[in-house]
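Colleague: Could you take a close look at one part of this model for me, slowly and in plain words? Please start with any term I'll need.

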Amino acid sequence: MERIPILRMGQLLLVTIQVDMHDRLAMTLQDDLTTRIVSDRATGVLIDISALDIVDSFIGRMISNTAAMAKILDAKTVLVGMQPAVAITLVELGLTLEGVSTALNVELGIKLLERGHL
Amino acid sequence: MSNKTAKLENIISNYQAELLESWMANLTSVLVRRDKISEAEFRQQASQFLPLLATTLNKSVGAEIDTVIWSDIRQVLNEISQSRARQGFSPIETANFIFSLKSPLFNYLRIALADSPQNLSEEIAFTSTLFDNLGLYTIEVYQKAREQIIQRQQQELLELSTPVVQLWKNVLALPLIGTLDSARTQVVMESLLQKIVDTGALIAIIDITGVPTVDTLVAQHLLKTISAARLMGADCIISGIRPQIAQTIVHLGVNLEDVITKATLADAFVVALQRTGSTISYSNNEH
């Protein structure tokens with residue numbers, strides 16, 4: 001079965017989304033991620049979407065939900081690597097992903113999480 | 001009909017040199033601004049046009065110029081009108097190129113057909129219609145060329161008016177000048193986001209000193225740009241808000257609560273430096 005890998009970097013978890021998301025995959029990812037946050041005692045989650053050229057309202061909501069779940073487990077989520085075209089599309093759709101922190105790339109995302117004030 | 005065109009064509013080919021002279025005389029007399037185009041160029045265009053008109057009339061049967069036979073003539077007129085449009089001639093000056101050939105032609109027709117007034121009037125009517133058509137065609141081409149120029153200038157203006165400059169490491173500035181409409185917002189957004197990717201900037205300062213009015217639509221466009229930049233991981237500061245604009249924004253009920261706003265670009269720059277962890281200080285010996 002298809003899975004999205006979750007990499008551990010110290011206290012942080014890195015999720016790189018490279019394939020088209022669908023319901024099952026999103027559910028599995030949220031399952032895996034919440035489990036890993038608890039088992040690894042992670043304090044931060046980085047979701048890298050730099051490989052995605054298209055982000056629709058479904059993925060947008062999935063990301064918001066995932067961030068909310070992580071927050072309940074006391075882990076901060078940073079969305080990194082959004083393409084300019086994707087950002088414009090999301091804004092036109094009215095999806096501004098309130099409550100999700102963002103950074104330009106993984107490196108800046110890690111800095112943001114390490115500084116701790118989101 | 002074919003008989004009559006033969007007449008006109010004969011006159012053009014027989015008196016070509018004389019026609020050219022009187023045409024040139026007419027042209028230069030109506031032309032107010034002689035400096036824009038040399039007489040030699042006029043003469044060259046005119047002497048190219050006359051033989052072509054004669055051969056075309058030889059083949060043609062009517063005064064309709066939108067047929068294949070007239071394509072060479074149309075080509076020549078296209079070039080002439082387009083170059084006139086680019087050189088800043090007025091429509092009248094452009095059309096006079098064609099219309100000032102009328103009276104010399106009428107003169108020669110009158111001499112050639114002096115003995116049959118019936119033929120003369122028919123021939124003059126035909127010539128008149130033909131030249132009206134040609135004149136209208138030059139005006140149409142002229143108009144199209146002008147529209148192209150306007151469109152190109154609009155495009156250039158759009159690109160010129162949205163520079164994104166780097167003020168400091170990780171700090172970008174976007175000085176907006178003029179009103180923001182949807183098309184411009186799109187260009188501004190695209191260039192800002194691309195620059196954020198290129199420079200890895202953390203903060204973008206949007207300076208609206210040059211924006212004359214901020215209404216709800218402009219504010220909405222600004223907020224869209226800010227949201228898009230935030231999705232890319234860059235914070236935005238709006239600076240250059242004039243007192244009247246601050247009042248307008250509040251009266252309109254636009255919500256700028258989530259955005260950092262500063263009165264001047266200098267204030268915004270200080271905030272940006274603090275955010276990026278940089279400081280600027282005066283050196284002692286200068287104080």
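Modeller: Let's start with "buried": a residue counts as buried if 20 or more other C-beta atoms, placed from the backbone, lie within 10 Å of its own, as exposed if 12 or fewer do, and as partly exposed in between. By that rule, buried residues make up 36% of the 118 residues in chain A, and 30% of the 287 residues in chain B. Residues are numbered from 1 along each chain as its sequence is written, with chains lettered from A and ligands numbered from 1 in the order in which they are written. The model is predicted: local features need pLDDT of at least 70 and side-chain atom pairs count only at pLDDT 80 or more, while totals for chains, interfaces and linings use all residues.

The part I'd pick is the side of chain B that touches chain A. Here 15 residues of chain B are in contact with 13 residues of chain A (contact means that the C-beta atoms, placed from the backbone, lie within 7 Å). Two helices, α8 (182-199) and α9 (216-231) of chain B, are the elements that give two or more residues to this side. Helices (H or I, at least four residues) and strands (E, at least two) are DSSP runs, numbered from the N terminus. The biggest share of the side comes from α8(B), with six residues. Sorted by class, this side of chain B has eight nonpolar, four polar and three charged residues (nonpolar is Ala, Val, Leu, Ile, Met, Phe, Trp, Tyr, Cys and Pro; charged is Asp, Glu, Lys and Arg; polar is the others, Gly among them).

Now, how do those two helices sit against each other? The axes of α8(B) and α9(B) come within 10 Å and cross at roughly 20 degrees. An axis is a line fitted to C-alpha atoms, for helices over the stretch in contact, and angles run from 0 to 180 degrees between N-to-C directions. That angle is why α8(B) and α9(B) count as roughly parallel (under 35 degrees is roughly parallel, over 145 roughly antiparallel, 65 to 115 roughly perpendicular, and the rest oblique). From α8(B), the residues making the contact are Thr185(B), Val188(B), Met189(B), Leu192(B), Leu193(B) and Ile196(B), and they meet His221(B), Lys224(B), Thr225(B), Ala228(B) and Ala229(B) of α9(B). By class, this helix pair's contact has seven nonpolar, three polar and one charged residues.

What about the partner, chain A? Along the sequence, chain A follows the pattern β-β-α-β-α-β-α-β-α. Its open sheet of five strands has the order β1-β2-β3-β4-β5 (chain A), again with mixed pairing. The strands β1 (6-9) and β2 (12-16) of chain A pair antiparallel over four bridges, with Ile6(A) partnered by Val15(A). These two strands form a hairpin with two residues between them, and Gly10(A) in the turn has a positive phi of about 65 degrees. Further along, three bridges join β4 (76-80) of chain A to β5(A), and these run parallel. There, Val78(A) stands opposite Ser101(A) in β5(A). Helix α4 (106-115) of chain A lies across β2, β3 (44-48), β4 and β5 of chain A, at about 160 degrees to β4(A).

One residue brings us back to "buried". Val86(A) lies in helix α3 (84-93) of chain A, and Val86(A) is buried because 23 other C-beta atoms lie within 10 Å. Val86(A) and Leu52(A) are 34 residues apart in sequence and 8.2 Å apart in space, C-alpha to C-alpha. Leaving out residues up to four places away in sequence, Val86(A) touches Leu52(A) and Val55(A).

Note on methods: Contact = placed C-beta atoms within 7 Å. Pairing = 2+ DSSP bridges.
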